[in-house]
Amino acid sequence: MPIFEYNCQSCDQHFETIVMSAREKISCPKCSSKKVQKQLSVFAAPASTGDPAPSGPVCTGTPQTCGCH
Ligand SMILES: [Zn+2]
């Protein structure tokens, strides 16, 4: 579920909203202004650790000796 953060340029209200469609018109819940600025979503940001670390034993390709077969 894409949740985006917005900042209203009219009243400086900061709010989050679920956006179903990219064409959806977002308006400020406080003053109903459409002059809102999309902020960087925390959910869309990649993890700071970078590449996902392998968890568990390394797969040897032999069936049932690892967690992935
Ligand atoms: Zn506003």
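Residues 24 or more positions apart account for 33% of the contacts in the chain with a separation of 6 or more, two residues being in contact if their C-beta atoms, placed from the backbone, lie within 7 Å. The model is predicted, and local features need pLDDT of at least 70, side-chain atom pairs count only at pLDDT 80 or more, and totals for chains, interfaces and linings use all residues. Residues are numbered from 1 along each chain as its sequence is written. Of the 69 residues of the chain, 4% count as buried. A residue is classed as buried if 20 or more other C-beta atoms lie within 10 Å of its own, as exposed if 12 or fewer do, and as partly exposed in between, with C-beta atoms placed from the backbone.

The secondary structure comprises three strands and zero helices; strands (E, at least two residues) and helices (H or I, at least four) are DSSP runs, numbered from the N terminus. The order of elements from the N terminus on is β-β-β. The three strands form an open sheet in the order β2-β1-β3, with antiparallel pairing, where two strands pair if DSSP finds at least two bridges between them. Because β2 (14–18) and β3 (36–38) stand at the edges, each with a single partner strand, one side of each is left without a neighbour in the sheet. In general, strands of a sheet pair through backbone hydrogen bonds, either parallel or antiparallel.

Strand β1 (residues 3–8) pairs with β3 in the antiparallel sense over three bridges, and Y6 stands opposite K38 in β3. Between β1 and β2, which run antiparallel, there are five bridges; here N7 stands opposite H14 in β2. A hairpin is formed by β1 and β2, with five residues between them, and D12 in the turn has a positive phi of about 65°.

The segment before β1 contains P2. This residue is exposed, as 12 other C-beta atoms lie within 10 Å. Leaving aside neighbours within four places in sequence, P2 is in contact with I18 and V19. The C-alpha atoms of P2 and M20 lie 7.3 Å apart in space, while the two residues are 18 residues apart in sequence.
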